[in-house]
Amino acid sequence: MSEQAVAAITGAASGIGRALAVYYAGRGIRSVIGTFSGDPHDPEETARLVREAGGTCVIQEVDVRQTASVEAFADRAVETFGRLDYVIANAGILRHAPIADLTDERWADIMEVDLVGVLRTLRAGAKRLGAGGAMVAISSIAGGVYGWEEHAHYATAKAGVLGLVRSLAVELGPREIRVNAIIPGLIETPQSLDPVNSLGPDGLIRAGKDIPWGRVGRPEEVASVIGFLTSRDANYVTGQAIVVDGGLTVKMRA
Ligand code: NAD
């Protein structure tokens, strides 16, 4: 794709999404920064970092639980920049819930964001992208590789993302639109720094010691792989899931 390409990234006011907007900015790729007002993250900080990297972006509120909101988000790219080339289904939530407490409502809350939200985002992209377009959805080692106790809803949604990505890769291949997934390991972001629903700061330091790379990952280290997958360097790669985990999942444990 040319350097004039445009990417729409959900959940780009923080973490991996923010790092991706900055990565794209450094390569002349313009972004629609998806921001969700239900969270305290500051999209202006993403926009500032994008400008600092010499890039261009526009901020758009998007709630992936609402089809109309996701459609408006994708439209914003076309209205603002006249095109849409890459769509990144990055928005996600993580909640702790032992199985006895995993009510239908809690299950549905996760599915609406982490699985149906990804469907809504990729569907909006599929309706607008042309040949050479690419989409990436963010799965997780939880569900994508491992089970995770007391997070069955999250792991199920993240496993489902892989089936969705593979199926859309087959369906959209004839239109020369590629669809891939990223399976992040433990990455330091607001999500993993939450001690209630995830490992928290101390847990991440402890977990990092058991990772072959010796530490947890940085958002930038995931963003650059997403960037590779959307680039023409990955022109013949579709329907794949790339694990970005510092060797966490290939280490044998007794
Ligand atoms: P993060 O919490 O910084 O990013 C998630 C983003 O999603 C936030 O900006 C949040 O506002 C947004 N969001 C939440 N609900 C939304 C909604 N209804 N509509 C639109 N946006 C919404 O954490 P992150 O780690 O950067 O997460 C990015 C993706 O990576 C998520 O899908 C997450 O599940 C996945 N992931 C993260 C890790 C990790 O260790 N951090 C590991 C595996 C997978």
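Glu45 is partly exposed, with a relative accessible area of 27%; this class covers the range between buried (under 20%) and exposed (over 50%), judged with a 1.4 Å probe and protein chains only. The model is a predicted one, in which local features need pLDDT of at least 70 and side-chain atom pairs count only at pLDDT 80 or more, while totals for chains, interfaces and linings use all residues. Residues are numbered from 1 along each chain as its sequence is written, and side-chain values use heavy atoms, with hydrogens and water left out.

**Salt bridges**

Glu45 forms a salt bridge with Arg48, the term being used for a side-chain nitrogen of Lys or Arg within 4 Å of a carboxyl oxygen of Asp or Glu. Both residues belong to helix α2 (residues 43-52), where they are three residues apart and therefore separated by about one helical turn. Helices (H or I, at least four residues) and strands (E, at least two) are DSSP runs, numbered from the N terminus. Arg48 is also partly exposed, at 36% relative accessibility.

The whole structure holds 12 salt bridges.

| Glu45 | Arg48 | 2.9 Å |

Asp75 is partly exposed at 31% relative accessibility, and Arg128 is partly exposed at 23%.

Elsewhere, salt bridges with shared partners connect Glu71, Asp75, Lys127 and Arg128 into one network.

**Loops and a surface patch**

The loop between α6 (141-144) and α7 (152-172) contains Tyr146, which is partly exposed with a relative accessible area of 32%. Together with Val145 and Val243, Tyr146 makes a nonpolar surface patch of about 220 Å². Such a patch consists of residues with over 30% relative accessible area and no salt bridge, with nonpolar side chains (Val, Leu, Ile, Met, Phe, Trp, Tyr) joined within 5 Å; areas come from the Shrake-Rupley method with a 1.4 Å probe.

Glu150 is also placed in the loop between α6 and α7. Its phi is near 65°, a positive value in a residue other than glycine, and Glu150 is partly exposed at 38% relative accessible area. Glu176 has a positive phi of about 60° although it is not a glycine; Glu176 sits in the loop between α7 and β6 (178-184).

**The second largest pocket**

The second largest pocket holds about 170 Å³ of space. A pocket is an open set of points on a 1 Å grid where a 1.4 Å probe fits, with protein on both sides within 12 Å along at least five of seven lines, and lining residues have an atom within 4 Å of a point. The lining includes Leu186, Ile187, Ile211, Trp213, Arg215 and Glu221. By class, the lining residues divide into six nonpolar, two polar and four charged; Asp, Glu, Lys and Arg count as charged, Ala, Val, Leu, Ile, Met, Phe, Trp, Tyr, Cys and Pro as nonpolar, and the others, Gly among them, as polar.

Key
Points joined across faces, edges and corners; volume = space filled by probe spheres on them. Patch = residues over 30% accessible without salt bridge, like charges linked within 9 Å, V, L, I, M, F, W, Y side chains within 5 Å.
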